[in-house]
Amino acid sequence: MIRLEKRPQPSRAWSLATPLIAVLATMIAGGLLFALLGKDPVEAIRTIFWEPLFGEFSFYYRPQLLVKGAPLVLIAIGLSLGFKAGIWNIGAEGQYIMGALVGAGIGLAFYPLEAWYVFPLMVIGGAFGGWLWAMIPAYLKTRFGTNEILVSLMLVYVAEQFLASMSLGLMRNPEGHGFPGSRNFNSYEGASSWINENAGMHWGVVAALIAVIFAYVLLNRHMVGYHIRLTGEAPRAAKFAGVNPARLILFCLGTSGMLAGLAGLFEVSGPSGQVSIDFNVGYGFTAIIVAFLGRLHPVGILLAGGLMALTYIGGDIAQSNLQLPSAAIQVFQGMLLFFLLAFDLLTNFRISLGKPEVA
Amino acid sequence: MKLTNLMTSAAMAFGLATAALADDPTKVGFVYVGPVGDGGWTYEHDQGRKAVVAEFGDKVETVYVENVAEGPDAERVITQMALQGADLIFTTSFGYMDPTINVAAKFPNVRFEHATGYKQADNVATYSARFYEGRAVQGTIAGNMTKSNIVGYIGSYPIPEVIRGINSAYIHAKKVNPDVEFKIVWAFTWFDPAKEADAAKVLIEQGADVILQHTDSTAPQAAAQAAGNVITFGQASDMAEYGPLPRVSSIIDDWAPYYIARTQAVMDGTWASGNTWDGIGAGMVGIGEISDSVPADVKEAALAMKAALADGSYHAFTGPINKQDGSAWLAEGEVADDGTLAGMSFYVEGIEGDIPQ
C-alpha cells in the first residue's frame with residue numbers, strides 16, 4: 001500500500017531537489033517522445049542542452065542566452081513577489097507591451113535628437129507604462145474586490161489592441177512605405193538599449209541582475225518582504241501582525257508591472273528594435289513558468305530563466321539540425337512545468353509504504 | 001621558384017575548394033512563421049522546399065525551422081542557419097525583413113531571399129507573388145455567386161499586400177454585380193484558427209454568403225460549412241478538402257519553380273540579388289479548380305479573366321478607378337504602376353469603412 005503522508009514541515013532537501021529531478025524527468029520523458037518521433041533521443045537532448053553552451057557555435061549562442069533570458073528573469077522576479085503573497089498577476093504580457101509602448105513613444109518623440117537624457121527618460125516611461133497597466137487590476141481589487149487574475153489577463157488583449165493601433169497609426173515609421181511598425185531603434189544610437197550587441201549585453205540584462213539582488217534583499221532583510229512572506233504563508237497571522245492587505249496588493253502588482261514594463265522597454269529598444277504588431281512573443285506568460293520553476297526564489301528564478309532560455313535556443317537548433325517539429329519542442333517545455341508541479345508534492349508529502357498506523 | 005610554389009599551392013587550394021563545392025550538397029534553409037501543417041501559407045512554402053529536394057536529390061540539403069516569431073527569435077534562427085553552413089536561406093514572412101537584412105550584413109557569402117519585403121542588399125533578394133491577380137478571378141466569381149450581395153472579407157493585417165487584395169476583389173466583384181457590398185473584418189493575425197473562425201461567423205451573421213480570407217487556416221472554411229449556403233475560397237493553399245462546397249476555388253501560392261530556380265542559380269554561381277514579383281502568367285499564383293457548384297457561365301468568365309491576366313492582355317488595376325474619397329487615381333485605360341501597388345494604403349471608391357490606423 002502506497003500512501004501520501006503530509007510532512008509536518010515542508011522538506012528543505014526536497015524543495016531544492018525537485019527542480020533538478022523535474023529537469024531529469026523531462027529529459028527522460030522528452031527523450032522517449034523524440035525516440036517515438038524516430039529521432040535519436042540522446043542526440044536531441046544533447047543538442048538542446050549542450051549545443052548552445054559548449055557546441056561549435058557557442059560563441060554566438062551564449063550571448064543569445066542573455067538576450068532570451070533577461071526579460072524572463074526581470075518579469076519573473078516581479079511576479080514572484082506577488083505570487084509569494086497570493087497575489088496573482090497573470091497579465092505581465094500586457095504590462096510588458098504597455099511599458100514598451102510608453103518608453104518607445106518617448107524615444108520616437110525625441111527622434112532624431114542625440115542627448116544623454118533620451119534613454120533614461122525612456123526607461124522611466126517604460127517602468128511607468130507597466131506600472132500604470134498593473135495599477136488597473138490593483139485598484140479594482142482593492143476598491144471593488146475584483147479578481148486580479150481575470151482583470152490582469154483580460155488587459156493583455158486590450159494592450160495587444162493598443163500595440164496594433166500604435167504600429168499602424170501613431171508610431172508608424174513615416175519612411176516605412178506604408179508598412180506597419182515604427183522606426184528601428186538600432187539605427188538611433190541615443191535610444192538603444194544595447195551596450196554590446198555581440199556580447200548579448202543590453203541594459204535589460206543589467207536590470208535583471210539588479211532586480212535579482214533587489215528582490216533577495218527585500219525578501220530577506222526588509223519589512224515589506226517579511227509581510228509578503230507572512231501573507232502568503234499565514235494570512236491570519238499577517239492580519240494580526242498589522243499587514244495592510246490593500247497596500248501589499250498595490251505594492252506587489254505595481255512592482256511586477258513596473259518590472260514587466262521595463263523588460264518591454266529594453267526589448268523594444270534593443271533586441272526587437274521596433275514597435276510592431278507582433279512585438280510580444282509571450283515572455284509575460286513564460287515568466288510565470290520561470291517564477292515557479294525557480295521556486296519563487298530570486299536566485300532560483302535567475303537559474304530557471306537561464307534554463308528556459310536554453311530550451312528555447314537549443315530547441316530551435318534541434319529543429320533545424322534534427323528536423324524535430326516545433327510542437328515536440330513545445331511539449332518538451334511543457335513537461336518541465338508539469339514534472340515540477342508533480343514532484344513538488346514530495347516537498348509537502350512523503351510517500352510511505354505499508355498500512356496506515358493507527359493513532 | 002617562390003612564385004611557382006605560391007602558384008602551385010594556390011592552384012591546389014583552388015582545386016580543393018572546387019572539389020569541396022562539388023562534393024558538398026548545397027545547403028538551403030527555410031524559416032517559417034507558422035507550422036508546416038497550417039494548410040496554407042507555410043504549408044505551401046514547405047511544398048516548395050520539398051520540390052527543391054525532389055529536383056536536386058543528393059545535391060541539396062534542406063533544413064527548416066517552423067513557428068519562428070518575428071523579431072529577435074527570427075534573427076537568431078537565421079544566424080544559426082548561416083553559421084551551420086547554409087548557402088541560401090529563404091525567410092518566408094514579411095516580419096523577417098529587418099532580421100534578414102541584419103544577418104545578411106554579417107554573412108556576405110550566404111545568399112538570402114526574403115518573401116514579401118522591400119529591403120534588398122547585395123546578398124538579399126526579395127520575392128513575392130501578385131496575389132491580387134488571383135483576387136481578380138476570385139472577385140469575378142464572388143460577385144456572380146452572392147445572393148445577399150454581401151461579401152465578407154477576413155483581413156489579416158492592414159498592410160499594402162492585403163489592401164491590394166481587397167481592392168482587386170472588390171473592383172472585379174463590382175464589375176459583374178453593381179450592388180455588391182464588402183464587409184471587412186481585421187483579425188490581426190496570419191494564423192489563428194479560433195480568431196479566424198470568429199471573424200467568419202460574425203461576417204455570416206451580418207448576411208455575408210461569400211467569405212474571402214487573407215488568413216492562412218482552414219477555420220473559415222469550416223465555419224462556412226457549418227453555416228451552409230456560404231461559399232469560400234482556399235487561401236494560399238488549395239484547401240480542396242472543403243470542396244465542392246463551401247470551397248468553390250482557391251488562390252494557390254506555388255513557390256516551387258522559384259525555389260528550384262534560385263537554388264540552381266546558387267549551384268551555378270549565377271545567383272544575383274533582385275526583386276521578383278510574379279503572377280498567374282509565371283505560375284507563381286495558381287487558381288485552384290473551380291468546382292461544379294459554380295454555374296458554367298460564371299466559371300467561363302472566371303477562366304477568361306485568368307487567361308487575360310496570364311497573357312498580360314489585362315491588368316487587374318485598369319482605370320477608370322477612383323480612390324475611396326472620390327479623388328481620381330487611374331484614368332480611363334490607365335494601368336497602375338508597381339510602385340503604387342507595392343505601397344498601396346488606400347481603398348478604392350465604393351468600399352465602406354476605414355483602414356485601421
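1. Two residues are taken to be in contact if their C-beta atoms, placed from the backbone, lie within 7 Å. The structure under discussion is a predicted model. By that criterion, and leaving aside neighbours within four places in sequence, Ile75(A) is in contact with Ala92(A), Tyr96(A), Leu259(A), Ala260(A), Ala263(A), Tyr283(A), Gly284(A) and Ala287(A).

2. Ile75(A) also belongs to the largest nonpolar core, which has 202 residues; Ile75(A) and Leu74(A) are the residues with the most contacts inside this core. Helix α4 of chain A (residues 58-84) gives the most to the core, with 13 residues. From chain B, domain 1 (24-129) and domain 2 (131-254 + 289-342) each supply at least three residues to the core. As general background, nonpolar side chains tend to be buried together in soluble globular proteins.

3. The contact between the chains takes 27 residues from chain A and 29 residues from chain B. On the chain B side, the elements that give two or more residues are β2 (60-65) and α3 (72-83). Of these, α3(B) gives the most, with eight residues. The side of chain B that touches chain A comprises 16 nonpolar, eight polar and five charged residues.

4. Chain B is divided into domain 1 (24-129) and domain 2 (131-254 + 289-342). The centres of these two domains of chain B, taken over C-alpha atoms, are separated by 29 Å. Where the domains touch, 12 residues of domain 1 of chain B are in contact with 14 residues of domain 2 of chain B. Helix α2 of chain B (residues 41-56) gives the most to the domain 1 side, with three residues. That side divides into six nonpolar, four polar and two charged residues.

5. Chain B also holds an open sheet of six strands in the order β7-β6-β8-β9-β10-β12, with mixed pairing. At the edges stand β7 (181-186) and β12 (285-288) of chain B, each pairing on one side only. On average, neighbouring strands of this sheet are turned by 15° against each other, direction ignored.

6. How many bridges join β10 of chain B to β12(B)? Four do so, and the two strands, β10 (residues 247-253) and β12(B), run antiparallel. Within this pairing, Ile251(B) has Ile287(B) in β12(B) as its bridge partner. Helix α5 of chain B (residues 131-145) packs on the sheet, where α5 touches β6 (150-155), β8 (210-213), β9 (231-236), β10 and β12 of chain B. The direction of α5 makes about 175° with that of β10(B).

Methods. Residues are numbered from 1 along each chain as its sequence is written. Chains are lettered from A and ligands numbered from 1 in the order in which they are written. This is a predicted model: local features need pLDDT of at least 70, side-chain atom pairs count only at pLDDT 80 or more; totals for chains, interfaces and linings use all residues. Ala, Val, Leu, Ile, Met, Phe, Trp, Tyr, Cys and Pro count as nonpolar, Asp, Glu, Lys and Arg as charged, and the others, Gly among them, as polar. Domain bounds come from an automatic or database domain assignment. A nonpolar core is a set of buried Ala, Val, Leu, Ile, Met, Phe, Trp, Tyr and Cys residues joined through C-beta atoms within 7 Å. A residue is buried if 20 or more other C-beta atoms lie within 10 Å of its own, exposed if 12 or fewer, and partly exposed in between; C-beta atoms are placed from the backbone. Two strands pair if DSSP finds at least two bridges between them. Axes are lines fitted to C-alpha atoms, for helices over the stretch in contact, and angles run from 0 to 180 degrees between N-to-C directions.
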